[in-house]
Amino acid sequence: MGTRDEVLLGTLEHIVLLAVLRLGSDAYGATIRDEIARRGGRDMSFGAVYVTLQRMESKGLVTSQLGEPTAERGGRAKRFFQVTAQGRQAVRRLQDVVGAMAKGLKHARGTT
Amino acid sequence: MRTHTMWATRMLSRLLRDGDATALLGDLAEERVRRMTRDSRADAARWYQRELYRSLAAVLRLRTIECVRAVPWGIVAAAYVVIGLYEFAAMWLLSRTWPEVAEWTSALRLVLEFPGIIVIAYAAATFRRSAAFVLGALMLCVAGLLNLFTTEAIPTPYIIASLVVGPLGAVFGGLLRRAPIVVASVLALFVMAGSASAQEPARTPQELDAFAFLIGKWEGTGKTRLPDGKVVEYPITWIGRYILDGTAIADDGRGPAPDGSLAVGITFRQYDSTRKAWIIEFLSLVPTSQLFRQVYPGGGSVSVQGRNVILHLERPAGKAALIRENYLVSDNDNWVYRLDESMDGGKSWDEGRTQITLRRSK
(Lines give C-alpha, C1' and ligand atoms only; values in the text may rest on other atoms or scores of the structure.)
Protein backbone atom coordinates (compact mmCIF):
# COMPACT_ATOMS: atom_id res chain seq x y z
CA MET A 1 0.00 0.00 0.00
CA GLY A 2 1.43 3.40 -0.96
CA THR A 3 1.94 6.21 1.52
CA ARG A 4 0.72 9.80 1.19
CA ASP A 5 4.28 11.08 0.75
CA GLU A 6 4.84 9.00 -2.36
CA VAL A 7 5.52 10.99 -5.51
CA LEU A 8 3.12 10.09 -8.28
CA LEU A 9 4.61 10.20 -11.75
CA GLY A 10 2.80 11.58 -14.76
CA THR A 11 3.20 9.95 -18.17
CA LEU A 12 5.71 12.54 -19.40
CA GLU A 13 7.67 12.35 -16.18
CA HIS A 14 7.78 8.59 -16.36
CA ILE A 15 9.07 8.59 -19.93
CA VAL A 16 11.71 11.26 -19.27
CA LEU A 17 12.84 9.58 -16.05
CA LEU A 18 13.32 6.27 -17.85
CA ALA A 19 15.34 8.01 -20.58
CA VAL A 20 17.61 9.63 -17.97
CA LEU A 21 18.06 6.26 -16.29
CA ARG A 22 19.02 4.62 -19.60
CA LEU A 23 21.49 7.34 -20.57
CA GLY A 24 23.32 7.37 -17.25
CA SER A 25 26.07 10.01 -17.14
CA ASP A 26 25.34 11.25 -20.70
CA ALA A 27 21.81 12.45 -19.95
CA TYR A 28 21.25 16.02 -21.11
CA GLY A 29 18.48 17.72 -23.14
CA ALA A 30 19.48 16.60 -26.63
CA THR A 31 20.31 12.98 -25.74
CA ILE A 32 17.20 12.61 -23.59
CA ARG A 33 15.04 13.88 -26.44
CA ASP A 34 16.78 11.55 -28.92
CA GLU A 35 16.40 8.57 -26.61
CA ILE A 36 12.68 9.19 -26.26
CA ALA A 37 12.30 9.59 -30.02
CA ARG A 38 14.39 6.47 -30.80
CA ARG A 39 12.90 4.09 -28.25
CA GLY A 40 9.49 5.60 -27.56
CA GLY A 41 8.73 6.96 -31.06
CA ARG A 42 7.65 10.19 -29.44
CA ASP A 43 8.83 13.50 -30.87
CA MET A 44 9.01 15.72 -27.79
CA SER A 45 10.12 19.31 -28.07
CA PHE A 46 13.16 20.48 -26.13
CA GLY A 47 10.89 22.83 -24.22
CA ALA A 48 8.68 19.99 -22.98
CA VAL A 49 11.75 17.99 -21.94
CA TYR A 50 13.20 20.85 -19.91
CA VAL A 51 9.93 21.82 -18.20
CA THR A 52 9.38 18.19 -17.21
CA LEU A 53 12.94 17.84 -15.92
CA GLN A 54 12.66 21.06 -13.95
CA ARG A 55 9.42 19.88 -12.36
CA MET A 56 10.98 16.54 -11.44
CA GLU A 57 14.00 18.29 -9.97
CA SER A 58 11.72 20.35 -7.71
CA LYS A 59 10.13 17.07 -6.57
CA GLY A 60 13.57 15.64 -5.83
CA LEU A 61 13.38 12.93 -8.50
CA VAL A 62 16.42 14.13 -10.45
CA THR A 63 19.41 16.38 -9.83
CA SER A 64 21.35 18.41 -12.39
CA GLN A 65 24.69 20.06 -12.91
CA LEU A 66 26.10 22.28 -15.63
CA GLY A 67 28.90 20.95 -17.85
CA GLU A 68 31.56 22.87 -19.71
CA PRO A 69 30.54 25.25 -22.53
CA THR A 70 31.49 23.99 -26.02
CA ALA A 71 32.00 25.79 -29.34
CA GLU A 72 29.53 23.66 -31.29
CA ARG A 73 26.87 24.70 -28.80
CA GLY A 74 27.60 28.37 -29.35
CA GLY A 75 29.55 28.59 -26.10
CA ARG A 76 26.65 27.26 -24.05
CA ALA A 77 26.97 24.62 -21.35
CA LYS A 78 25.07 21.33 -21.18
CA ARG A 79 22.92 20.57 -18.18
CA PHE A 80 23.41 16.94 -17.14
CA PHE A 81 20.70 15.12 -15.22
CA GLN A 82 20.85 12.18 -12.81
CA VAL A 83 18.06 10.19 -11.25
CA THR A 84 18.00 10.32 -7.42
CA ALA A 85 17.17 7.43 -5.12
CA GLN A 86 13.70 8.90 -4.73
CA GLY A 87 13.35 8.99 -8.51
CA ARG A 88 14.37 5.34 -8.82
CA GLN A 89 11.86 4.42 -6.13
CA ALA A 90 9.11 6.35 -7.91
CA VAL A 91 9.82 4.50 -11.16
CA ARG A 92 9.91 1.14 -9.39
CA ARG A 93 6.67 1.87 -7.59
CA LEU A 94 4.90 2.89 -10.78
CA GLN A 95 6.17 -0.19 -12.63
CA ASP A 96 4.89 -2.35 -9.77
CA VAL A 97 1.48 -0.70 -9.85
CA VAL A 98 1.22 -0.95 -13.66
CA GLY A 99 2.45 -4.55 -13.59
CA ALA A 100 -0.01 -5.51 -10.86
CA MET A 101 -2.90 -3.82 -12.61
CA ALA A 102 -2.08 -5.38 -15.98
CA LYS A 103 -1.41 -8.85 -14.61
CA GLY A 104 -3.83 -11.40 -15.99
CA LEU A 105 -5.40 -9.03 -18.46
CA LYS A 106 -5.35 -10.82 -21.78
CA HIS A 107 -6.59 -7.81 -23.73
CA ALA A 108 -4.41 -5.19 -22.05
CA ARG A 109 -2.54 -4.46 -25.27
CA GLY A 110 -5.69 -4.22 -27.33
CA THR A 111 -5.32 -7.65 -28.96
CA THR A 112 -8.24 -10.02 -29.18
CA MET B 1 19.54 36.40 -35.73
CA ARG B 2 16.10 37.49 -36.86
CA THR B 3 14.09 39.71 -34.57
CA HIS B 4 11.26 37.21 -34.04
CA THR B 5 13.76 34.44 -33.22
CA MET B 6 15.38 36.73 -30.67
CA TRP B 7 11.96 37.45 -29.24
CA ALA B 8 11.23 33.71 -28.87
CA THR B 9 14.63 33.19 -27.26
CA ARG B 10 13.96 35.93 -24.73
CA MET B 11 10.55 34.45 -23.93
CA LEU B 12 12.11 31.04 -23.32
CA SER B 13 14.72 32.60 -21.02
CA ARG B 14 11.95 34.18 -18.99
CA LEU B 15 9.86 31.03 -18.75
CA LEU B 16 12.66 28.60 -17.88
CA ARG B 17 14.86 28.83 -14.80
CA ASP B 18 18.42 30.18 -14.94
CA GLY B 19 20.68 27.89 -16.93
CA ASP B 20 17.89 25.79 -18.45
CA ALA B 21 17.24 28.23 -21.28
CA THR B 22 20.98 28.38 -22.02
CA ALA B 23 21.21 24.59 -21.99
CA LEU B 24 18.14 24.29 -24.22
CA LEU B 25 19.50 26.78 -26.73
CA GLY B 26 22.84 24.94 -26.60
CA ASP B 27 21.05 21.66 -27.38
CA LEU B 28 19.32 23.32 -30.33
CA ALA B 29 22.62 24.75 -31.59
CA GLU B 30 24.32 21.36 -31.24
CA GLU B 31 21.58 19.62 -33.21
CA ARG B 32 21.66 22.36 -35.86
CA VAL B 33 25.38 21.81 -36.40
CA ARG B 34 24.73 18.07 -36.75
CA ARG B 35 21.98 18.72 -39.30
CA MET B 36 24.10 21.21 -41.25
CA THR B 37 26.65 18.48 -41.98
CA ARG B 38 23.99 15.84 -42.64
CA ASP B 39 21.43 17.91 -44.63
CA SER B 40 22.04 21.51 -45.65
CA ARG B 41 22.53 24.86 -43.96
CA ALA B 42 19.06 26.05 -45.01
CA ASP B 43 17.36 22.85 -43.80
CA ALA B 44 19.18 23.12 -40.49
CA ALA B 45 18.14 26.76 -40.08
CA ARG B 46 14.52 25.88 -40.83
CA TRP B 47 14.64 23.01 -38.34
CA TYR B 48 16.18 25.29 -35.70
CA GLN B 49 13.49 27.91 -36.11
CA ARG B 50 10.66 25.38 -36.06
CA GLU B 51 12.07 23.60 -33.03
CA LEU B 52 12.56 26.89 -31.19
CA TYR B 53 8.89 27.77 -31.61
CA ARG B 54 7.79 24.23 -30.76
CA SER B 55 9.77 24.49 -27.55
CA LEU B 56 8.32 27.87 -26.72
CA ALA B 57 4.78 26.59 -27.34
CA ALA B 58 5.41 23.52 -25.16
CA VAL B 59 6.89 25.58 -22.34
CA LEU B 60 3.99 28.03 -22.51
CA ARG B 61 1.45 25.22 -22.47
CA LEU B 62 3.06 23.34 -19.57
CA ARG B 63 3.63 26.51 -17.56
CA THR B 64 -0.04 27.49 -18.08
CA ILE B 65 -1.18 24.08 -16.88
CA GLU B 66 1.06 24.41 -13.81
CA CYS B 67 -0.37 27.86 -13.07
CA VAL B 68 -3.98 26.74 -13.47
CA ARG B 69 -3.36 23.75 -11.20
CA ALA B 70 -1.74 25.99 -8.61
CA VAL B 71 -4.74 28.35 -8.47
CA PRO B 72 -6.76 28.08 -5.26
CA TRP B 73 -10.10 27.94 -7.09
CA GLY B 74 -12.11 27.40 -3.91
CA ILE B 75 -10.84 30.65 -2.39
CA VAL B 76 -11.38 32.53 -5.67
CA ALA B 77 -14.95 31.25 -5.97
CA ALA B 78 -15.72 32.13 -2.35
CA ALA B 79 -14.30 35.64 -2.79
CA TYR B 80 -16.34 36.11 -5.97
CA VAL B 81 -19.55 35.15 -4.17
CA VAL B 82 -18.70 37.53 -1.31
CA ILE B 83 -18.17 40.35 -3.81
CA GLY B 84 -21.59 39.61 -5.33
CA LEU B 85 -23.25 39.78 -1.92
CA TYR B 86 -21.32 42.95 -1.12
CA GLU B 87 -22.60 44.57 -4.32
CA PHE B 88 -26.20 43.76 -3.40
CA ALA B 89 -25.68 45.16 0.10
CA ALA B 90 -24.06 48.31 -1.31
CA MET B 91 -26.96 48.78 -3.75
CA TRP B 92 -29.48 48.42 -0.94
CA LEU B 93 -27.62 50.94 1.20
CA LEU B 94 -27.19 53.42 -1.66
CA SER B 95 -30.85 53.18 -2.64
CA ARG B 96 -31.64 54.59 0.78
CA THR B 97 -28.88 57.14 1.12
CA TRP B 98 -27.96 58.19 -2.42
CA PRO B 99 -30.66 56.99 -4.83
CA GLU B 100 -29.17 58.72 -7.89
CA VAL B 101 -26.18 56.40 -7.66
CA ALA B 102 -28.13 53.24 -6.84
CA GLU B 103 -28.27 52.06 -10.44
CA TRP B 104 -26.59 48.93 -11.77
CA THR B 105 -25.11 50.98 -14.59
CA SER B 106 -23.71 53.71 -12.37
CA ALA B 107 -19.95 54.18 -12.69
CA LEU B 108 -19.88 56.14 -9.45
CA ARG B 109 -21.46 53.23 -7.61
CA LEU B 110 -18.63 50.98 -8.80
CA VAL B 111 -16.03 53.49 -7.67
CA LEU B 112 -17.68 53.69 -4.26
CA GLU B 113 -17.53 49.91 -4.00
CA PHE B 114 -13.82 49.90 -4.81
CA PRO B 115 -12.51 49.90 -1.19
CA GLY B 116 -14.76 46.97 -0.29
CA ILE B 117 -13.45 44.93 -3.21
CA ILE B 118 -9.90 45.60 -2.01
CA VAL B 119 -10.77 44.38 1.47
CA ILE B 120 -12.35 41.18 0.11
CA ALA B 121 -9.37 40.53 -2.18
CA TYR B 122 -7.01 41.23 0.72
CA ALA B 123 -8.87 38.68 2.82
CA ALA B 124 -8.62 36.13 0.00
CA ALA B 125 -4.91 36.86 -0.33
CA THR B 126 -4.33 36.05 3.34
CA PHE B 127 -5.16 32.44 2.48
CA ARG B 128 -3.23 32.38 -0.84
CA ARG B 129 -1.81 35.53 -2.39
CA SER B 130 -2.39 34.31 -5.94
CA ALA B 131 -6.14 34.12 -5.20
CA ALA B 132 -6.44 37.93 -5.36
CA PHE B 133 -4.79 38.10 -8.78
CA VAL B 134 -6.85 35.26 -10.22
CA LEU B 135 -9.94 36.97 -8.79
CA GLY B 136 -8.95 40.15 -10.65
CA ALA B 137 -8.51 38.25 -13.90
CA LEU B 138 -11.85 36.52 -13.41
CA MET B 139 -13.63 39.83 -12.75
CA LEU B 140 -12.06 41.34 -15.85
CA CYS B 141 -13.23 38.39 -18.00
CA VAL B 142 -16.78 38.47 -16.59
CA ALA B 143 -17.07 42.27 -16.97
CA GLY B 144 -15.72 42.08 -20.52
CA LEU B 145 -18.16 39.34 -21.51
CA LEU B 146 -21.14 41.08 -19.91
CA ASN B 147 -20.34 44.36 -21.66
CA LEU B 148 -19.83 42.54 -24.92
CA PHE B 149 -23.01 40.51 -24.94
CA THR B 150 -25.49 42.75 -23.16
CA THR B 151 -28.38 44.00 -25.25
CA GLU B 152 -28.98 47.05 -23.08
CA ALA B 153 -27.53 50.47 -23.76
CA ILE B 154 -24.80 50.91 -21.16
CA PRO B 155 -23.16 54.30 -20.47
CA THR B 156 -19.52 54.45 -21.50
CA PRO B 157 -18.31 55.53 -18.01
CA TYR B 158 -19.88 52.38 -16.59
CA ILE B 159 -18.20 50.15 -19.18
CA ILE B 160 -14.82 51.66 -18.36
CA ALA B 161 -15.42 51.48 -14.60
CA SER B 162 -16.59 47.86 -14.78
CA LEU B 163 -13.40 46.88 -16.58
CA VAL B 164 -11.14 48.79 -14.22
CA VAL B 165 -12.61 48.99 -10.71
CA GLY B 166 -13.20 45.31 -9.88
CA PRO B 167 -10.03 43.87 -11.44
CA LEU B 168 -7.83 46.66 -10.10
CA GLY B 169 -9.40 46.40 -6.65
CA ALA B 170 -8.60 42.69 -6.55
CA VAL B 171 -5.01 43.28 -7.68
CA PHE B 172 -4.54 46.05 -5.11
CA GLY B 173 -5.94 43.72 -2.44
CA GLY B 174 -3.27 41.16 -3.38
CA LEU B 175 -0.50 43.75 -3.49
CA LEU B 176 -1.59 45.24 -0.19
CA ARG B 177 -0.05 42.27 1.59
CA ARG B 178 3.32 42.98 0.05
CA ALA B 179 3.69 46.78 0.02
CA PRO B 180 0.92 48.31 2.13
CA ILE B 181 2.14 51.92 2.11
CA VAL B 182 2.76 52.10 -1.63
CA VAL B 183 -0.54 50.47 -2.44
CA ALA B 184 -2.44 52.65 0.05
CA SER B 185 -1.02 55.78 -1.61
CA VAL B 186 -1.92 54.58 -5.09
CA LEU B 187 -5.36 53.65 -3.84
CA ALA B 188 -6.01 57.08 -2.41
CA LEU B 189 -5.05 58.67 -5.73
CA PHE B 190 -7.16 56.20 -7.68
CA VAL B 191 -10.26 56.74 -5.54
CA MET B 192 -9.93 60.52 -5.79
CA ALA B 193 -9.39 60.44 -9.55
CA GLY B 194 -12.10 57.82 -10.00
CA SER B 195 -14.65 59.73 -7.95
CA ALA B 196 -13.95 62.88 -9.90
CA SER B 197 -14.12 61.24 -13.32
CA ALA B 198 -17.05 58.98 -12.56
CA GLN B 199 -19.30 61.70 -11.26
CA GLU B 200 -22.66 61.28 -12.90
CA PRO B 201 -23.49 62.68 -15.26
CA ALA B 202 -20.00 62.35 -16.63
CA ARG B 203 -20.07 65.24 -19.09
CA THR B 204 -22.95 67.13 -17.62
CA PRO B 205 -22.89 70.89 -18.06
CA GLN B 206 -23.03 72.40 -14.60
CA GLU B 207 -26.23 74.26 -15.51
CA LEU B 208 -28.10 70.95 -15.72
CA ASP B 209 -27.63 70.57 -11.96
CA ALA B 210 -30.57 72.96 -11.61
CA PHE B 211 -32.81 70.03 -12.60
CA ALA B 212 -30.88 67.36 -10.68
CA PHE B 213 -33.60 67.37 -8.04
CA LEU B 214 -35.81 65.56 -10.61
CA ILE B 215 -33.65 62.43 -10.56
CA GLY B 216 -35.42 59.56 -8.88
CA LYS B 217 -38.95 58.27 -8.57
CA TRP B 218 -41.60 60.53 -7.14
CA GLU B 219 -45.17 59.97 -6.02
CA GLY B 220 -47.62 62.72 -5.33
CA THR B 221 -50.98 64.34 -5.76
CA GLY B 222 -51.94 66.83 -8.42
CA LYS B 223 -54.65 69.51 -8.24
CA THR B 224 -55.94 71.28 -11.33
CA ARG B 225 -58.40 74.13 -11.40
CA LEU B 226 -60.67 73.71 -14.39
CA PRO B 227 -62.09 76.68 -16.40
CA ASP B 228 -65.40 76.31 -14.54
CA GLY B 229 -63.59 76.79 -11.20
CA LYS B 230 -63.91 73.19 -10.16
CA VAL B 231 -60.74 71.62 -8.69
CA VAL B 232 -59.90 68.02 -9.53
CA GLU B 233 -57.36 65.91 -7.63
CA TYR B 234 -55.44 62.96 -9.01
CA PRO B 235 -52.44 60.79 -8.10
CA ILE B 236 -49.32 61.15 -10.19
CA THR B 237 -45.99 59.38 -10.59
CA TRP B 238 -42.96 61.31 -11.85
CA ILE B 239 -39.66 59.64 -12.76
CA GLY B 240 -36.48 61.50 -13.63
CA ARG B 241 -33.21 60.08 -14.95
CA TYR B 242 -30.09 61.13 -16.79
CA ILE B 243 -29.92 60.17 -20.45
CA LEU B 244 -27.46 60.54 -23.34
CA ASP B 245 -24.38 59.79 -21.26
CA GLY B 246 -25.58 62.17 -18.58
CA THR B 247 -25.84 65.22 -20.82
CA ALA B 248 -29.60 65.50 -20.51
CA ILE B 249 -32.44 64.70 -18.17
CA ALA B 250 -35.62 62.93 -19.16
CA ASP B 251 -38.48 63.05 -16.71
CA ASP B 252 -41.85 61.54 -17.32
CA GLY B 253 -45.08 61.82 -15.47
CA ARG B 254 -48.17 59.69 -15.58
CA GLY B 255 -51.53 59.88 -13.97
CA PRO B 256 -55.20 60.43 -14.75
CA ALA B 257 -56.01 63.67 -16.56
CA PRO B 258 -58.74 65.93 -15.11
CA ASP B 259 -61.24 64.27 -17.45
CA GLY B 260 -60.31 60.84 -16.07
CA SER B 261 -58.28 59.63 -19.06
CA LEU B 262 -54.65 58.57 -18.63
CA ALA B 263 -52.11 61.33 -19.24
CA VAL B 264 -48.52 60.37 -20.00
CA GLY B 265 -45.78 62.73 -21.03
CA ILE B 266 -42.04 63.08 -20.98
CA THR B 267 -39.84 66.16 -20.85
CA PHE B 268 -36.31 66.32 -22.21
CA ARG B 269 -34.06 68.92 -20.61
CA GLN B 270 -30.64 69.79 -21.93
CA TYR B 271 -28.28 72.71 -21.60
CA ASP B 272 -26.33 73.53 -24.76
CA SER B 273 -22.97 74.77 -23.45
CA THR B 274 -21.87 75.91 -26.89
CA ARG B 275 -24.83 78.19 -27.45
CA LYS B 276 -25.32 78.78 -23.72
CA ALA B 277 -29.00 78.01 -24.09
CA TRP B 278 -31.59 75.65 -22.68
CA ILE B 279 -33.46 73.14 -24.81
CA ILE B 280 -36.58 71.82 -23.14
CA GLU B 281 -39.14 69.80 -25.01
CA PHE B 282 -42.26 68.07 -23.81
CA LEU B 283 -43.62 65.03 -25.59
CA SER B 284 -47.18 64.19 -24.73
CA LEU B 285 -47.95 60.57 -25.56
CA VAL B 286 -51.47 60.05 -24.29
CA PRO B 287 -54.16 60.91 -25.22
CA THR B 288 -52.51 62.39 -28.34
CA SER B 289 -48.90 62.49 -29.44
CA GLN B 290 -47.66 66.06 -29.54
CA LEU B 291 -44.25 67.59 -29.16
CA PHE B 292 -44.01 71.01 -27.52
CA ARG B 293 -40.83 72.98 -27.78
CA GLN B 294 -41.00 74.81 -24.49
CA VAL B 295 -37.60 76.47 -24.20
CA TYR B 296 -35.02 76.89 -26.94
CA PRO B 297 -32.49 79.54 -28.03
CA GLY B 298 -35.22 81.58 -29.71
CA GLY B 299 -37.94 81.36 -27.10
CA GLY B 300 -38.76 80.69 -23.48
CA SER B 301 -36.38 80.97 -20.57
CA VAL B 302 -35.12 79.24 -17.46
CA SER B 303 -34.28 81.09 -14.28
CA VAL B 304 -32.81 79.50 -11.18
CA GLN B 305 -33.53 81.02 -7.79
CA GLY B 306 -31.75 79.10 -5.10
CA ARG B 307 -33.03 75.52 -5.41
CA ASN B 308 -36.16 76.64 -7.23
CA VAL B 309 -36.41 76.74 -11.00
CA ILE B 310 -38.86 78.83 -13.01
CA LEU B 311 -39.60 78.19 -16.66
CA HIS B 312 -41.26 80.71 -18.92
CA LEU B 313 -42.50 78.57 -21.74
CA GLU B 314 -42.69 79.58 -25.35
CA ARG B 315 -46.30 80.40 -26.13
CA PRO B 316 -47.71 77.57 -28.27
CA ALA B 317 -48.94 78.67 -31.67
CA GLY B 318 -52.56 79.74 -31.60
CA LYS B 319 -52.70 79.92 -27.79
CA ALA B 320 -53.41 83.15 -25.97
CA ALA B 321 -52.13 82.09 -22.54
CA LEU B 322 -48.58 82.40 -21.33
CA ILE B 323 -47.39 79.52 -19.16
CA ARG B 324 -44.97 79.70 -16.26
CA GLU B 325 -43.77 76.49 -14.60
CA ASN B 326 -42.41 76.69 -11.06
CA TYR B 327 -40.36 73.88 -9.57
CA LEU B 328 -40.27 74.63 -5.84
CA VAL B 329 -37.75 72.37 -4.13
CA SER B 330 -38.03 72.22 -0.36
CA ASP B 331 -35.49 69.43 0.31
CA ASN B 332 -33.96 66.32 -1.26
CA ASP B 333 -37.18 64.34 -0.89
CA ASN B 334 -39.89 66.89 -1.57
CA TRP B 335 -40.75 69.37 -4.28
CA VAL B 336 -43.77 71.03 -5.79
CA TYR B 337 -44.67 71.66 -9.41
CA ARG B 338 -46.84 74.73 -9.89
CA LEU B 339 -48.20 75.92 -13.21
CA ASP B 340 -49.21 79.58 -13.56
CA GLU B 341 -51.10 81.08 -16.46
CA SER B 342 -51.26 84.63 -17.75
CA MET B 343 -53.84 85.88 -20.21
CA ASP B 344 -52.46 89.41 -20.44
CA GLY B 345 -48.99 88.81 -21.74
CA GLY B 346 -47.41 88.32 -18.31
CA LYS B 347 -48.74 91.40 -16.52
CA SER B 348 -50.74 89.31 -14.07
CA TRP B 349 -50.62 85.62 -13.26
CA ASP B 350 -53.21 83.09 -12.24
CA GLU B 351 -50.98 81.06 -9.94
CA GLY B 352 -51.44 77.40 -9.27
CA ARG B 353 -53.73 76.44 -12.14
CA THR B 354 -52.09 73.09 -11.63
CA GLN B 355 -50.13 72.15 -8.56
CA ILE B 356 -48.48 68.81 -7.91
CA THR B 357 -46.89 67.96 -4.58
CA LEU B 358 -44.29 65.23 -4.89
CA ARG B 359 -42.41 63.08 -2.41
CA ARG B 360 -39.53 60.72 -3.16
CA SER B 361 -40.77 57.17 -3.60
CA LYS B 362 -38.96 54.73 -1.26
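This is a predicted model: local features need pLDDT of at least 70, side-chain atom pairs count only at pLDDT 80 or more; totals for chains, interfaces and linings use all residues.
Local features need pLDDT of at least 70 and side-chain atom pairs count only at pLDDT 80 or more, while totals for chains, interfaces and linings use all residues. Residues are numbered from 1 along each chain as its sequence is written, and chains are lettered from A in the order in which they are written, with ligands numbered from 1.

In chain A, the axes of helix 1 (residues 11-23) and helix 3 (residues 46-58) come within 10 Å and cross at roughly 90°, which makes helix 1 of chain A roughly perpendicular to helix 3 of chain A (angles of 65 to 115 degrees count as such). Helices (H or I, at least four residues) and strands (E, at least two) are DSSP runs, numbered from the N terminus. Axes are lines fitted to C-alpha atoms, for helices over the stretch in contact, with angles from 0 to 180 degrees between N-to-C directions.

The contact between the chains takes 17 residues from chain A and 23 residues from chain B, where two residues are in contact if their C-beta atoms, placed from the backbone, lie within 7 Å. Helix 2 of chain B gives the most to the chain B side, with 12 residues.

Chain B also holds an open sheet of 11 strands with antiparallel pairing, in the order 6-5-4-3-2-1-11-10-9-8-7; strands pair if DSSP finds at least two bridges between them. Strand 6 (290-295) and strand 7 (301-305) of chain B stand at the edges, each with a single partner strand, so one side of each has no neighbour in the sheet. Strand 1 (residues 216-225) and strand 11 (residues 350-360) of chain B pair over 7 bridges, and Glu219(B) has Arg359(B) in strand 11 as its bridge partner.

Conventions
Angles under 35 degrees count as roughly parallel, over 145 as roughly antiparallel, 65 to 115 as roughly perpendicular and the rest as oblique.
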